[in-house]
Amino acid sequence: MISSGTSEQDLGLDLIDDMLDEMGVPYDVLNASEETLTQERLVTDGKGNYNGIILTDASLYYTGPGNYLASAFSLDEWKILHQYEIDFEVRESVLSGYPVSGAYYKINYDLDYGMDLDTIEANSSFSANWQIPAEDKEIYEYVNRQGAFVVNDYSRMVHPLNDPEGPTVTPLLTESESGKALISVIEYPDGREVLLSTITNAWYLIHSQVLAYEFLNYATQGVFIGSRKVYLAAHIDDIFIENYIWDPVLNQTTGDIRYRTTAQDIENLVTVNNQFIANNPNISDFKLDFVFNGEGAAAAPPEPVSLISAQDTYINSLAPTNIYGSQKSAYAYKSRLQKERTLFFFDLPSNIDNLASQAILTLTTKDIPNMTSTRDPKGTICLVTQEWDESASWLSSMENVLWSRSGGRFNRQSCVPYQESNDLITVDITSIVNLWQNGDRDNLGLIMRAKRRNYNRVQVHTREADNANYHPQLSIVYQQEAEPLTDTVVANKDEFRFLNHTLSHRDMYTSSGATYDIAYEEINENLKVWQRLGFPDFAHASKSLVTGNHSGLEDAESSDDTYPPPEITPYPEGLNFELVYAMQALNIEYIASDSSRVNQDYEHFIQGTNIMLLPRYPTALFYNATTPTELTDEYNYIFYERYIENGEDPCFIAGAICQPRSYEEILAAEAEITLRHMLTYKSWPHYFHAANLRDYGDGATLQYDWLEVVAEKYNSVLNLPIINLDYSTIGEMSKEKLLAKEANVRGFWNRDNNTITLIADEPTTARVTGVTSDDNYGGQYILRTVIDQNGEVLEVNRSLD
């Protein structure tokens with residue numbers, strides 16, 4: 001890039017260098033106001049050093065001492081540059097400036113942009129129209145060229161001169177009323193090609209962010225190290241716990257009004273998300289990221305229990321008064337002349353109300369002498385409906401109490417079949433145990449009844465057996481208690497992504513007492529909830545962490561649900577290293593930061609660790625708002641009314657607004673801010689809170705109101721696919737970008753065989769645009785590949801469909 005000053009002085013440089021850095025594009029800057037362009041700067045050993053030239057200003061306008069031509073380049077420097085472009089077939093892009101044209105500028109600057117300067121005029125707020133044919137995908141193919149393009153800063157517009165002896169000018173973007181050119185492709189008889197813009201371009205202008213990529217793409221002919229995609233992700237913090245809600249009367253969040261997401265809210269999200277995808281052809285897949293606090297989810301089920309029978313005996317119809325409660329074995333048998341039945345009672349835990357997910361009765365059988373032909377006896381286990389004890393007989397349930405029906409009273413509808421196999425009877429009696437757990441039936445034990453057939457007699461060990469391993473056993477695994485929100489999230493878990501918060505949302509500030517043990521437990525216990533509830537992608541997604549209010553990066557005594565706290569030590573001075581050590585112990589690789597806070601607005605490794613700070617964008621969809629009314633009231637109080645109350649004029653206060661906004665105006669402002677974020681090509685997510693998911697009427701939510709207006713704003717200017725990534729993938733991508741920069745990835749384009757050779761100082765993963773790949777984005781191939789000191793040769797494929 002060639003500039004006329006530093007990035008603080010040159011608006012164009014400040015725009016383009018940020019984009020190149022984010023995309024991972026290697027570049028050099030020549031500050032023409034301080035440096036001289038030489039042939040040696042451009043060519044080494046007969047090879048061109050640059051495959052594209054970007055000028056931040058058409059004439060490199062500069063008014064330094066003794067510079068009567070008002071250009072930072074001398075005539076010789078202009079000629080060196082232009083000859084380089086001719087010799088190596090290198091294109092040039094011009095970000096802005098006065099379109100110098102005609103004989104005077106040709107003689108003194110070697111510049112002629114082919115414009116009729118008699119027709120030049122300027123404007124600072126206007127609409128423009130694209131003149132590129134719909135079938136032309138070679139230039140600005142990523143822009144929505146169907147509607148008007150809005151420019152909101154000083155710009156020059158001019159008609160081409162159409163001099164047959166001069167350059168050929170093809171206008172691409174023209175002012176709507178006059179038809180005068182704002183962006184043009186200029187082709188010279190000597191083969192030079194230039195993309196010229198006469199629009200003021202700066203980092204803070206949306207039109208500049210839209211246009212910026214093509215300046216790089218055109219200059220490099222679509223072949224360069226680095227890549228760009230447009231990203232959008234929405235993190236929803238505090239899933240499962242309550243959010244305190246704004247009180248519009250007190251203009252405070254007191255905690256007296258609260259909202260917890262409901263099961264119906266979750267079901268509604270599935271529906272509206274599908275509608276959101278259907279409404280936006282630039283979005284093929286989108287999922288919300290649920291950042292959850294496990295403390296608010298359904299409690300873990302009780303530990304499984306294994307019970308030994310508290311009572312057991314058998315009863316015999318041929319000896320109707322005999323008592324066998326002290327015997328070491330019992331029988332079940334049924335014939336025309338005799339019946340034997342075995343009774344069991346298991347004392348269930350009185351402190352567990354959960355239903356059983358599985359209840360297995362295990363009985364160990366014993367050979368019966370002189371009945372060697374018995375084969376796999378069968379029968380049923382049934383629920384007893386009358387109280388009994390080990391003094392029971394065929395006639396009596398206990399001493400001096402008769403069975404209401406001889407042979408034991410039981411419920412036939414409850415019976416489940418059994419069959420002996422390999423000296424064991426194993427029966428799933430979950431249905432019976434759940435009748436007890438539900439309170440539908442009292443736990444009065446079980447009765448074992450044989451099926452009538454030949455050789456069906458079976459002998460089982462009782463609790464009096466000498467070998468404890470043979471005692472009757474009931475093993476119960478319990479269900480998680482029903483909890484509508486948790487159950488609905490689990491039922492729809494594949495519709496969302498998940499991200500680890502801390503268990504209870506506890507502050508992780510050093511001054512709040514967050515020690516290593518506390519931090520470790522908060523993180524680890526939440527990870528256990530993840531696994532218990534069966535949320536997907538645990539191994540990958542659990543590498544990332546969000547702390548409450550991003551605490552632990554800064555330090556304060558308490559967040560107290562407000563930001564900033566009264567006294568705060570910013571990052572990195574306020575970093576809680578106890579939290580860092582706990583993260584290292586749990587293999588956490590990425591921690592969320594807030595891009596609006598001091599020193600948290602860039603990806604980097606925490607010093608001395610492999611843990612990366614990964615920024616997220618805050619929004620004005622406040623954590624304590626569930627409806628448009630609540631949000632609008634709080635928004636206008638924060639940005640307008642509180643200043644009025646204090647006797648201040650908000651029009652003169654940074655960040656305030658001059659008049660209250662409607663809900664629609666708030667969303668429009670949010671959409672513009674978010675579009676600016678998306679146009680940086682950063683993959684950082686935007687974060688919200690569970691309260692924003694409330695269905696406030698007819699399926700509408702603050703969250704999807706926001707997403708819809710953002711998508712609409714985006715679609716009005718671009719037609720590139722919007723990529724929705726999970727947080728750990730964003731982290732991995734950011735890490736690769738940092739390491740690739742450190743590895744000094746560079747390359748050479750052999751125009752003769754149309755290949756590029758890439759090399760790096762050390763093995764690294766890099767992305768390259770314009771070479772053969774399976775990833776085609778916006779009509780261009782992007783390859784992700786490992787590069788090392790030995791180099792890699794790749795085939796150029798500019799694609800563009």
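In this predicted model, Leu383 stands opposite Leu446, a residue of strand 30, where strands are DSSP runs of E with at least two residues, numbered from the N terminus. Residues are numbered from 1 along each chain as its sequence is written, and side-chain values use heavy atoms, with hydrogens and water left out. Because the model is predicted, local features need pLDDT of at least 70 and side-chain atom pairs count only at pLDDT 80 or more, while totals for chains, interfaces and linings use all residues.

**Strand 30 and its partners**

- Strand 25 (residues 378-384) pairs with strand 30 in the antiparallel sense over five bridges, and two strands are said to pair if DSSP finds at least two bridges between them.
- Strand 23 (residues 339-345) also pairs with strand 30 in the antiparallel sense, over four bridges, and Thr342 has Met448 as its bridge partner in strand 30.

**Burial of strand 30**

- Five of the five residues of strand 30 (residues 446-450) are buried, so the strand is largely enclosed by the rest of the structure; buried means under 20% relative accessible area, exposed over 50%, and partly exposed in between (1.4 Å probe, protein chains only).
- Leu446, Met448 and Ala450 point one way from strand 30, whereas Ile447 and Arg449 point the other way, and all of them are buried.

- Strand 40 pairs with strand 41 (residues 755-759) in the antiparallel sense over five bridges, and Asn750 stands opposite Thr755 in strand 41.
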